[in-house]
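I opened this notebook to keep track of what I looked up, one entry at a time. The entries follow the order in which I went through the side chains and helices.

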Amino acid sequence: MLEINILCPNVEHGGIAFGQDPKMVEYITKEIKKVANQPISMKLTPNVTDITEIAKAAECGGADALSLINTITGMRIDVKKRDFSVANKTGGLSGAAIKPIALRMVYQVYKAVQIPIIGMGGISTTDDALEFIMAGATGVAIGTANFNNPYVMLEVIKGFASAI
């Protein structure tokens, strides 16, 4: 499966964040489906007013699954240097801080579409993964937690055996 990240803005077209426009999401999904030899999962941005509109657009475009959520736009300023901590001034916030938002969005999308959902955003334990599944995710992905614990995925999988 290909996971297509549609969060990043298109700098060549004035910085338009095409993942925030349902028409663009549907168009991009259709175009990718024309050439992809494997199933595709569109990775959705949470930086939208209504995540279900974007999810439905990806589904209409032919997505086989949805991955959500991607990072939330955040900012950090170094008060000692009196300058931004990220070169672009803003950047993607991930990890435990976004889990409640990710869970809500997975649940909303689950109620709105018929295709599988890969839940992500703040998963670092088996209970976290189970929450996403209970919210409607078909599967889960772990990202940021790997930086602190390279064995986190194995621990979560092992935890499923005792949770069942």
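Predicted model: local features only at pLDDT ≥ 70, side-chain atom pairs only at ≥ 80, totals over all residues.

I then looked up its partner and found that the side chains of Lys99 and Glu131 meet in a salt bridge, with 2.5 Å from N to O. Since Lys99 belongs to helix α3 and Glu131 to helix α4 (residues 126-135), this pair ties together parts that lie 32 residues apart in sequence. Salt bridges with shared partners join Lys99, Asp128 and Glu131 into one network. Glu131 itself is partly exposed, at a relative accessible area of 33%.

Entry two, the other salt bridges. I asked myself how many salt bridges the structure holds, and noted that there are six. One of them is formed by the side chains of Lys33 and Asp64, at 2.8 Å from N to O. This pair links distant parts of the chain, with Lys33 in helix α1 and Asp64 in the loop between α2 and β3, 31 residues apart. Both are partly exposed, Lys33 with a relative accessible area of 29% and Asp64 with 28%.

Lys30 and Glu26 join their side chains in a salt bridge of 3.2 Å, N to O. They are separated by about one helical turn, because they sit four residues apart in helix α1 (residues 22-35). I recorded Lys30 as partly exposed at 39% relative accessible area, and Glu26 as partly exposed at 26%.

I returned to α3 (residues 99-112) and compared its axis with that of α2 (residues 51-60): the two axes come within 9 Å and cross at roughly 50 degrees. That angle makes α2 oblique to α3, and I wrote down that their crossing is right-handed.

Last, I looked up a nonpolar patch on the surface, which is formed by Met75, Ile77, Val79 and Phe84 and has about 390 Å² of accessible area together. Of these residues I followed up Phe84, which lies in strand β6 (residues 83-84) and is partly exposed, with a relative accessible area of 31%.

Methods
Residues numbered from 1 in each chain as written. Heavy atoms only, no water. Patch = residues over 30% accessible without salt bridge, like charges linked within 9 Å, V, L, I, M, F, W, Y side chains within 5 Å. Areas by Shrake-Rupley, 256 points an atom, 1.4 Å probe, with all protein chains shown as cover. Salt bridge = Lys/Arg side-chain N within 4 Å of Asp/Glu carboxyl O. Helix = DSSP H or I, 4+ residues; strand = E, 2+ residues; numbered from the N terminus. Buried < 20%, exposed > 50% of the residue type's maximum accessible area, 1.4 Å probe, protein only. Axes fitted to C-alpha atoms, helices over the stretch in contact; angles between N-to-C directions. Parallel < 35°, antiparallel > 145°, perpendicular 65-115°, else oblique. Left-handed = near helix turned anticlockwise from the far one by under 90°.
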